[in-house]
Amino acid sequence: MSSLLHFSTPSPSSRLSSSSFRNSPSNSLLFTKSTLRSIRLPSISRRFNQNRLSLTANASSVVDSPTTSAVDSGGGSPKLLLEVKDLTAVIAESQLPILKGVNLVIYEGEVHAVMGKNGSGKSTFSKVLVGHPDYEVTGGSVVFKGENLLDMDPEERSLAGLFMSFQSPIAIPGVSNIDFLNMAYNARRKKLGLPELGPLEFYDFISRRLKIVKMDTNFLNRNVNEGFSGGERKRNEILQLAVLGADLAILDEIDSGLDVDALQDVAEAVNGLLTPKNSVLMITHYQRLLDYIKPSYVHIMEDGKIVKTGDSSLAQQLEKEGYKGISA
Ligand SMILES: Nc1ncnc2c1ncn2[C@@H]1O[C@H](COP(=O)(O)OP(=O)(O)OP(=O)(O)O)[C@@H](O)[C@H]1O
Ligand SMILES: [Mg+2]
């Protein structure tokens, strides 16, 4: 077992390129302007600048419950988690409008699916929510757990409990999965005032998490997403979610590129992470994901707006009739 424990110390020359940060796997690394400069990862020690990591905070139980319980509903009715009103956004570089008035309300415990044709703005919407610098918000509001999300920088959003799995997760050369997760997880514990886990404790913890997402322990010693197949990258995203937790997990096409068995595993993992206190916003093109992860609501996005909202029957209708059959 211990041979699997390769906590390495990346060499001083180990750098995460700016492009890594701009499209980092999930939201565990940042894409703030400061991180767009080359950043050195000197080691995974306490000296690691935890501000470089965006982590979810407020976990009620960091060790065993990856999901957070920041909003204590006290057993009462579910609380509002996210409220998006008339959100408009442009591409920062070209000022081209992409989001043209998105409205969406998510309560804790809900699963929302966003569907829509290619290029309708789904990924842009999710990237705007996590504060991706490619986009500028030009109007509207986003309130997350009672706070103005748009006022927060990306790491604050993540610390507030927002997680995003990108449509195309990229690799971080030179940084192993176990180092990455150890850094992120222990930085989060530190943030919560908890002692760091030692290597053995962390390995024990992460092994249990690996079982949830049915990933082989060999994954741990491989560099983050480096040489991973498309499906393996998707599973790796779920592993990060399982370890770091979230109040709202945005999963952008988590089903793409997964074989039938892997899709079922990933769906089971996501279902296993759902509690009455957290929520998922899934972007998908296919009904088959929704067969496994039952949505409370299905939204159709078209030209930068949500034009229709329904229950799971809307996705079934879409599957049968295509977008032609769905009138706003
Ligand atoms: N950074 C960017 N630079 C240039 N164009 C962009 C950028 N981001 C988004 N776009 C454009 O905005 C539109 C919406 O893109 P987005 O990725 O949000 O679509 P999507 O609904 O996620 O599509 P898909 O289903 O194919 O993933 C597209 O026309 C895309 O080319
Ligand atoms: Mg997309």
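How many bridges join strand S6 (residues 135-144) and S7, and in which sense do the two pair? The model is predicted, and in it S6 and S7 pair over two bridges in the antiparallel sense. Val 143 stands opposite Asn 148 in S7.

This pairing belongs to an open sheet of four strands, ordered S4-S3-S6-S7. The pairing in the sheet is antiparallel. Strands S4 and S7 are its edges, and each pairs on one side only. Strands of a sheet pair through backbone hydrogen bonds.

Next, the ligand. The residues around ligand 1 include Ile 91, Ile 98, Asp 134 and Gln 167. Gly 119, Ser 120, Gly 121, Lys 122, Ser 123 and Thr 124 are also among them. Helix H2 (residues 122-130) gives the most to this shell, with three residues. By class, the shell holds two nonpolar, eight polar and two charged residues.

Now the helix pair. H4 and H7 pack at an angle of about 25°, and their axes are 10 Å apart. An angle under 35 degrees counts as roughly parallel, so H4 and H7 are roughly parallel to each other. Their crossing is right-handed. The table lists the residues that make the contact.

| Helix | Range | Contact residues |
|---|---|---|
| H4 | residues 177-191 | Asn 177, Leu 181, Ala 184, Tyr 185, Arg 188 |
| H7 | residues 230-244 | Asn 236, Gln 240, Val 243, Leu 244 |

Five residues of the contact of H4 with H7 are nonpolar, three are polar and one is charged.

Definitions and conventions. Residues numbered from 1 in each chain as written. Chains lettered and ligands numbered in written order. Predicted model: local features only at pLDDT ≥ 70, side-chain atom pairs only at ≥ 80, totals over all residues. Axes fitted to C-alpha atoms, helices over the stretch in contact; angles between N-to-C directions. Parallel < 35°, antiparallel > 145°, perpendicular 65-115°, else oblique. Left-handed = near helix turned anticlockwise from the far one by under 90°. Contact = placed C-beta atoms within 7 Å. Nonpolar A, V, L, I, M, F, W, Y, C, P; charged D, E, K, R; others polar. Near = placed C-beta within 6 Å. Pairing = 2+ DSSP bridges.
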